[in-house]
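Dear colleague,

I am handing over the structure below, and after it I set out what was found. Please read the notes with the model open beside them.

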Amino acid sequence: MNRPNIVLAITGASGSAYAIRLAQILLGAGYHIHVIVSGAARQVAMQELDVTMPSDDAPTSEWLQFTRTALATGTAERWGFRDWSTDFTGTFSVHGIGDYSAGIASGSFLTGGMVICPCSMGTMSSIACGASTNLVQRSADVHLKERRPLVLVPRETPLSLIALENMTRLSHAGATVLPAMPGFYHQPDCVADLVDFVVARICDHLDVEHSLVRRWGEAE
Ligand SMILES: Cc1cc2nc3c(=O)[nH]c(=O)nc-3n(C[C@H](O)[C@H](O)[C@H](O)COP(=O)(O)O)c2cc1C
């Protein structure tokens with residue numbers, strides 16, 4: 001069976017939990033996810049969640065186990081995440097950040113879209129100027145030139161004029177700038193509800209089905 005491909009790049013902005021939760025939902029929905037992790041993203045995950053991400057060349061089984069457990073252990077254990085036992089029908093490839101020979105570095109490799117979650121200001125600025133100096137930036141550039149969905153999930157506050165201009169430029173180029181800014185109108189009970197709010201919006205923009213949060217206007 002050909003599973004739809006989605007690229008999930010994880011960079012070194014705060015919010016590792018968003019990335020892991022998103023990976024759980026994509027795998028639960030049957031996607032093949034192409035994961036790229038920056039060195040800074042590994043540092044942030046260690047700092048925020050007290051977990052060590054597997055190496056890029058670790059077996060897929062280790063990545064699957066990490067994705068299943070990372071929000072159920074360490075710091076996030078007390079954040080109230082549900083659905084640990086979600087069956088993952090999707091599959092994984094993990095690409096080294098310097099591996100330009102990966103399929104996702106080329107426009108001829110078809111994907112349903114790419115998400116950079118969370119997206120550091122550094123990665124955003126490199127994409128905004130077309131630098132393509134690592135696989136995250138190159139794959140993002142490919143998604144822009146091929147006019148495929150590219151969702152950036154920046155996290156920074158306050159925002160400098162440079163960051164604001166980069167976001168504007170990327171939005172003009174066709175990217176969706178979806179800041180990690182959870183709303184509170186759905187009356188969250190816990191950190192997990194705030195994370196799920198943002199992940200739900202990302203899924204909406206990638207056309208991925210989910211039932212993470214009740215939609216505004218939907219009956220209880
Ligand atoms: C614990 C921690 C939290 C960070 N939070 C942010 C953040 O919220 N936003 C951001 O743009 N950079 C943040 N940084 C800085 C980036 O990791 C740094 O700029 C890095 O060069 C980004 O590289 P990358 O884009 O290749 O991942 C953080 C770094 C650490 C260690």
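In what follows, Ala, Val, Leu, Ile, Met, Phe, Trp, Tyr, Cys and Pro count as nonpolar, Asp, Glu, Lys and Arg as charged, and the others, Gly among them, as polar. This is a predicted model, in which local features need pLDDT of at least 70 and side-chain atom pairs count only at pLDDT 80 or more, while totals for chains, interfaces and linings use all residues. Residues are numbered from 1 along each chain as its sequence is written.

The ligand is surrounded by 16 residues (a residue is near if its C-beta atom, placed from the backbone, lies within 6 Å), and the closest are T11, G12, A13, S38 and A40. Two or more residues come from each of α2 (39–49) and α4 (121–128), with α2 giving the most, five residues; helices are DSSP runs of H or I, at least four residues, numbered from the N terminus. By class, the shell has five nonpolar, nine polar and two charged residues.

Helix α4 also packs against α6 (residues 161–172) at an angle of about 50 degrees, with their axes 9 Å apart, where axes are lines fitted to C-alpha atoms over the stretch in contact and angles run from 0 to 180 degrees between N-to-C directions. The contact (C-beta atoms, placed from the backbone, within 7 Å) involves M121, M124, S125, I127 and A128 of α4 and I162, A163, N166, R169 and L170 of α6, and these divide into seven nonpolar, two polar and one charged.

With α5 (residues 135–145), α4 packs at about 45 degrees, the axes again being 9 Å apart, and here T123, S126 and I127 in α4 meet V136, Q137, A140 and D141 in α5.

With regards

Methods. Contact = placed C-beta atoms within 7 Å.
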